[in-house]
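Please look through the sequence and the 3D view first, and then follow the sections below.

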Amino acid sequence: MALSPAVANLVEEYKRFNKTTMNELFALDNNRAEKYTIEFEDLIFDYSKNRFDDKVLSALIKLAEEHNLKNRINDMFTGKKINVTENRAVLHTALRNFSDTPIYVDNVDVMPEIRRVREKMKTFSEAVRNGTFRGFTGKKLTNIVNIGIGGSDLGPYMVTAALKKYWAKDIKCYFISNIDGTACAEVLNEVNPEETLFIVASKTFTTIETLTNARTCRDWLVKALGEQAVANHFVALSTNTKAVAEFGINTDNMFEFWDFVGGRYSLWSAIGLSIALAVGYDNFEALLKGAEAMDNHFKTAPLDKNIPVIMALIGIWYNDYYNIHRYGVIPYDQYLKFLPSYLQQLDMESNGKSVRLDNKKITDYATGPALFGGAGTDVQHSFFQLLHQGTEPVPVDFIIPAVSQNENGKHHEILLANILAQAEALMKGKTTDEAAAELRAAGKDEATIEKLKLNKSFDGNRPSNMFIINQLTPYNLGMLIAMYEHKVYTQGVIWEIDSFDQWGVELGKQLALKILPELENGVTANHDSSTTRLINKVRTIRAKAVTKAA
């Protein structure tokens, strides 16, 4: 397949540039850090510690232009059906639109309905928080239990944890997603039924994991308070009015969202009800407005000054030209400890695709890289060994607030020192001569120096981005999340894939529904010999356990 002009140019740029080190680039240009830093509101994005120069960056911008990125960005914000395999618009951005601009899907302005649901969320969350809406026995509802899976769990789970400092003092939030019965049991052991509000998050109200967990919680509540208590202790985030009513939920307490909102982009919708309940609707709205600010930046900033676009292009440079198919996200903030898990779904479910928009298999380039991460400084003592001395480099996004929500002695200065040092160490490395000199200065003999100097050297030239925000606020968190959303979309545009479907999760679900009755009745059919044998082994073990328990 012939290369496009932009791709052919990048291939040549890689041949020219790939032996160049970042240390050389910084030595040649004292202004490199200033040139390759973008500041937007409370966000500083320093991307200077990456393997590129002006010519590479120009070639990457041409790649974006070749894919009509500006027009494709406009397509998303104006309700075009860019989710082509499901023939849907993609309008999570409309959920945080506070302008008077109408947004149309199939010639219908969606903004009035979005505003209506937002107002309904505000009214309900305030009623729960101030005690106007109470439990069946008249007690205030202070335990919020969100029951969902995937985007109906990861988004609100991550955000409520990130904004823990903003929680009402009498509110506790819990999340149940795993179908493992332990997930339910552990939460139900913690809460008092009289003071617990369950939020069932399922657009169709048919998701097997969510509905199984919800029914277990319902049985627990009914056993404690009776059937009539369900309406006071359950609400639904759904569009299936009939199923919600049959469950016993008052449909006045059903909060809708729409087909143009994908699960992993849904925390901005009614799926964010647990967020509003925990931190208050005003802070939830601030989260939305921070995302809106990043939306406007993404729409209007020139490509070479556009934070999500630059992030995306650098990622493509490593993924498709350096053949580095993984990257790390390391927030140096305890409140952001679940951000990498959230971004795993956002990135890998969106861009883990191998079929192009023209319905042809991708064979000549790679798409979505694997993402991993964790909270610094904890992960410095787990996988940072691989980052510094592994055989393959791993690009890293470092994230930190300049000011902590909990300033306490020198804690945050130490944290800041660590994150800045790690980025510098990854880039600079340490030569064997430097390692030998250190060992010699420490009084080691020459035999020991010869033995250790290679082990104590670091290749360096390992790339990273640095994101610094003033402080972790709802507004700034909204900006960060939207920034990654738009980075993922930009890469999907350039890879020519649909970033908004997720057919890859379907096959396992289909087979699980087939295996479930086979585990129950013992009749298996049409499996490979391994799966059939494992089903029978598990049945035997479980039967023995039941007999023993009896």
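## Burial and a salt bridge across the sequence

A residue is called buried when its relative accessible area is under 20%, exposed when that area is over 50%, and partly exposed in between. The structure is a predicted model, and in it Arg 356 has a relative accessibility of 9%, so Arg 356 counts as buried. Its salt-bridge partner is Glu 496, with 3.5 Å between the closest N and O atoms. Because Glu 496 lies in the loop between α20 (474–495) and α21, while Arg 356 lies in the loop between α15 (339–351) and β11 (370–373), the pair ties together parts that are 140 residues apart in sequence. Glu 496, for its part, is partly exposed, with a relative accessible area of 30%.

## Other salt bridges

How many salt bridges does a search of the whole structure find? The search finds 28, among them one between the side chains of Asp 29 and Lys 35, where N and O are 3.0 Å apart. Lys 35 has a relative accessible area of 36% and is therefore partly exposed.

Another salt bridge is formed by Glu 450 and Lys 453, whose closest N and O atoms are 3.4 Å apart. Glu 450 is exposed, at a relative accessible area of 53%, whereas Lys 453, at 24%, counts as partly exposed.

Strands of a sheet pair through backbone hydrogen bonds, either parallel or antiparallel.

## Strand β12 and its neighbours

Strand β12 (residues 396–403) is mostly covered, with 6 of its 8 residues buried. The strand runs parallel to strand β10 (residues 326–331), to which 4 bridges join it, and Pro 331 stands opposite Ile 399 in β12. Strand β12 also runs parallel to strand β13 (residues 464–471), the two being joined by 7 bridges, and here Phe 398 stands opposite Met 466 in β13.

Which residues does Leu 416 touch, not counting those up to four places away in sequence? Leu 416, which is placed in helix α17 (residues 411–428), touches Ile 400, Pro 401 and Ala 402. Leu 416 is partly exposed, with a relative accessible area of 21%. The C-alpha atoms of Leu 416 and Thr 101 are separated by 41 Å, and these residues are 315 apart along the chain.

## A nonpolar patch on the surface

Ile 208, Leu 513 and Leu 516 make a nonpolar surface patch of about 260 Å². Of these residues, Leu 513 is found in helix α21 (residues 506–521), and Leu 513 counts as exposed because its relative accessibility is 51%.

Notes: Residues are numbered from 1 along each chain as its sequence is written. This is a predicted model: local features need pLDDT of at least 70, side-chain atom pairs count only at pLDDT 80 or more; totals for chains, interfaces and linings use all residues. Side-chain values use heavy atoms; hydrogens and water are left out. Patches are made of residues with over 30% relative accessible area and no salt bridge: like charges are joined within 9 Å, nonpolar side chains (Val, Leu, Ile, Met, Phe, Trp, Tyr) within 5 Å. Accessible areas come from the Shrake-Rupley method with a 1.4 Å probe; for residues, only the protein chains shown count as cover. A salt bridge is a side-chain nitrogen of Lys or Arg within 4 Å of a carboxyl oxygen of Asp or Glu. Buried means under 20% relative accessible area, exposed over 50%, partly exposed in between (1.4 Å probe, protein chains only). Contact means heavy atoms within 4.5 Å. Two strands pair if DSSP finds at least two bridges between them.
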